[in-house]
Each structure stands twice: as C-alpha cells, then as structure tokens.
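Please keep the sequence and the structure in view while reading.

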Number of protein chains: 2
Amino acid sequence: MMNGVTIASKTVGRLSLYRRLLESSIPCGREHVFSHELALLACVTPAQVRRDLMSTGCSGSPGKGYRTKDLIDGISKVLDYPEVQRVALVGVGNLGRAILSYFSGRRPNLRITASFDTDPQKTGRVINGCRCHPMSELTAVLGRESIATAILAVPAARAQETTDLLVASGIHGILNYAPVPLRVPEGVFLEERDMTMSLETVAFFARRAALERK
Amino acid sequence: MMNGVTIASKTVGRLSLYRRLLESSIPCGREHVFSHELALLACVTPAQVRRDLMSTGCSGSPGKGYRTKDLIDGISKVLDYPEVQRVALVGVGNLGRAILSYFSGRRPNLRITASFDTDPQKTGRVINGCRCHPMSELTAVLGRESIATAILAVPAARAQETTDLLVASGIHGILNYAPVPLRVPEGVFLEERDMTMSLETVAFFARRAALERK
C-alpha cells in the first residue's frame, strides 16, 4: 500500500482519472484494455499510462493488455482507504454548495460528512445533504469524525486564519478554492485551485491565439 | 504587449495573483513594494517574483523596491485586453451557477456575458446576472459577441461534443470543470480543473501524512 514509496501528486491525479475512465468509458463486458486505449481517453501518452500503472502492481500482457477489473482494483488499493475517508468543507456559500452537490454520492469511499460556516442562518441545518456546523465546533467535529482532509471555500480575507485552525485541528490535506494562496506547515498537502487565476490564464492565451489567427 | 514573446501559463497565473495581492493586500498608501514582500504574500520565492515581473517591463530599485502603481499597470498591460474580454459559460447547473456568481463583478475587463444550457427551464432567463441561451444559439451568440474564451461545466457525457462545437464556433481557450479530459486541436488553450481528481489527490496525501504522524 505504497508505504514509504514516493508517488508524485500528478500520478495520483491520473490514477484517479484512469479509474473513472475504466468505470465509465470502457464499454461494459470489455475484460481487457490496452494502455494506448486508456491513453487516448485520458489524453496522455501510452508510455505515461504504463509508467503510472506500475505503482498499482498490475501488469498487462502485450497481446491482451490489462485486465480491466484488476486495474480498477489495483488503483483502488492505492487510492482508497479501506474505511470511508471523511472530508470537511469550510464555507457554505454558492461555491461551497456547488461543491457539496457535485461530490454527493460520487465516490462511496470519499465523503464530505461535515461542513462549517460562520452564518447562523446556515449552521444547525442540513445543506445539500451535509450538516452545517458553526466554526466554534470545528476542532471537536474533526476530531470526533477523524477528518484529515478539508476543502476550503471561504472568502479571501478569512482563508489564512481558517487554514491555521484546520491545521491545528489535525487536517493534513487542503483543497483550496479561496482566491488567495495559503501558507501551511511542512507535512500538510495543499492543492491550490484559484478560479480567477485559472480564468485569467485561459483568457490570456485565448486572446493570443485568436489574434494570431487574424 | 508580448507580441511574439513566449510566456509560460504558470507565469500568467502568477501575474494574475500578484495583481490581486497588490490591489487587496498591500496597505493603502504604500507607494513601493519589495519583491520579497510580494513573494511572502504569494507563497513563492523573491527570485520567482523578480523573474515573473520582468515580463511586465517594470524594474525595481534595490533600496525602494517596485512602485506599486507601476506594477499594477504593467501587469494589466500584459493580462488585459483594452476592451472588455467576454467569456461564455456552458452548463448552468449547480457548479455553473456558482461560477457565475463567483465571477460577477470580480474583474471589470473579463466578464461572463453569455451562458448556455440544454434545459428549456433555464434558457431565455437571466440566471445570476447572465442570460442563458439554448445550445442551438451558441455559434451565433459567440460570433456576435466576439467571445474566444469559454468555461465548461457540463456533465462528462456531453463534454467532448460541447468542446467540438465551441472550437468550431471560434473558441480559443477553455477552462474545463467537466469531470473528463478534453481533446482540443493545436492552437486552443485548455486548462483542466477536474474537481474529483483534485480531491482524490489531496485525500491521498492527507491520509499518508496522518499515518506518518501516528
């Protein structure tokens, strides 16, 4: 189960993608799949697929490819915890609510089981299938539910103080949708997903490409 | 204006971030800022900041740093189009609506001015400040409004066909929130923002870090 083995975060991301593609896009009843087929669906090279799949311990045969079921099981062994892994969401605004409904039921082993907000109109209620707690209960709820992963969707001004509280409460991984970069101590994994940065980057290159065509 | 000069997408993303930090986090009236101050806020190294800012043509002085106003103007010259740059959103579900309200008024020069959906309950209405058109009008609306940038928030099963239609209708940059990778022709800039991939990656490293602490 990858103990002590280093694995790059991009590899983990692609394994997550391969599994979904195997579950959803490989026609039912197809017992085997070639690396080049998976590569086409994932928009990467076949060599990349083969390298990534080495971490699962699965090996394919040149004539038949990989057994689909073995691949799904192998990836799940790397990615999934045997028990349900619980996730917390902090910030139940428009984006937070969209995140809740997006992830609802998507992966049985990875569930947003607690959300937090400062707004008393939201706390104490179940919003999009998830109970919303006041911030004052954050440390207690995270401890009780053994939550180590959090999604942050609070305004920029509250993001760093919320992060500090999450880290002090035992969080080891943060997916950040707040529009500001975060500082975390070593040993806490952080993935930044600033939507403004993404959109300004895409708009910049779209404009350049459009101008070059003229 | 960067004509013919190559600039990495990560640099563009960081310039977007520096500008927001200069506008929001540098105390009012501070006429100058040092690269190490900006680096601290952006969670990058001072050398990275100085390298990135070279693309804006701004230069700092060793004793005083950069003039804040010059930096904001210099970054805007790189990132912004002199006119408003319009963006289309395809898919006005929970995530699409959250994206609309998130970007509403956030950057005056970059605006989501048209949205599209297949649901007749949504089309013809103004949702979160943006008119929702039927998919059949996509090509006409994008042409009329000179839109070259699109955000995709449709279900996985519709993502590739929608992308093909966007590209055929003159889109040159796509920010993809659909949970499936896209194939685009050369010359179209694509940024993938698969939320499941992000969450599974963060959860994986959070679990590892939590286990190592035990």
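## The interface

Between chain A and chain B an area of about 6,400 Å² is buried, and carbon and sulfur atoms give 66% of this area. Buried area is the accessible area (1.4 Å probe) that two parts lose on being put together, summed over both. The model is predicted: local features need pLDDT of at least 70 and side-chain atom pairs count only at pLDDT 80 or more, while totals for chains, interfaces and linings use all residues. Residues are numbered from 1 along each chain as its sequence is written, chains are lettered from A and ligands numbered from 1 in the order in which they are written, and side-chain values use heavy atoms, with hydrogens and water left out.

In terms of contact (heavy atoms within 4.5 Å), 70 residues of chain A touch 70 residues of chain B. The copies meet through the same surface, because 100% of the interface residues of chain A are also interface residues in chain B.

## Polar and charged pairs across the interface

Side chains of opposite charge can pair when their charged atoms come close. A salt bridge is defined as a side-chain nitrogen of Lys or Arg within 4 Å of a carboxyl oxygen of Asp or Glu. Four salt bridges are found across the interface of chain A and chain B. One of them joins A:R19 to B:E200, with the closest N and O atoms 2.9 Å apart.

Polar contacts are pairs of N or O atoms within 3.5 Å; within protein, one atom must be able to donate a hydrogen and the other to accept it, and residues adjacent in sequence count only if both atoms are side-chain atoms. Between chain A and chain B, 24 residue pairs are in polar contact, both residues being at pLDDT 80 or more. Helix α8 (residues 195–213) of chain A supplies the largest share of the side of chain A that touches chain B, namely 17 residues. Helices (H or I, at least four residues) and strands (E, at least two) are DSSP runs, numbered from the N terminus.

## The sheets

Chain A contains an open sheet of seven strands with mixed pairing, in the order β5-β6-β4-β3-β7-β8-β9. Two strands pair if DSSP finds at least two bridges between them. In chain A, β5 (126–127) and β9 (189–192) stand at the edges with a single partner strand each, so one side of each has no neighbour in the sheet. Strands β7 (residues 149–152) and β8 (residues 173–176) of chain A run parallel and are joined by four bridges. Here A:A150 stands opposite A:I174 in β8(A).

In chain B, β5(B) and strand β6 (residues 130–134) pair in the antiparallel sense over two bridges. B:I127 stands opposite B:C130 in β6(B). Two residues lie between the strands of this hairpin, in which B:N128 takes a positive phi near 50°.

## A link within chain A

Over all chains, 19 salt bridges are found. Among them is the one between the side chains of A:D52 and A:R14 (2.6 Å, N to O). A:D52 lies in helix α3 (residues 46–54) and A:R14 in helix α1 (residues 9–24) of chain A, so the pair ties together parts that are 38 residues apart in sequence.
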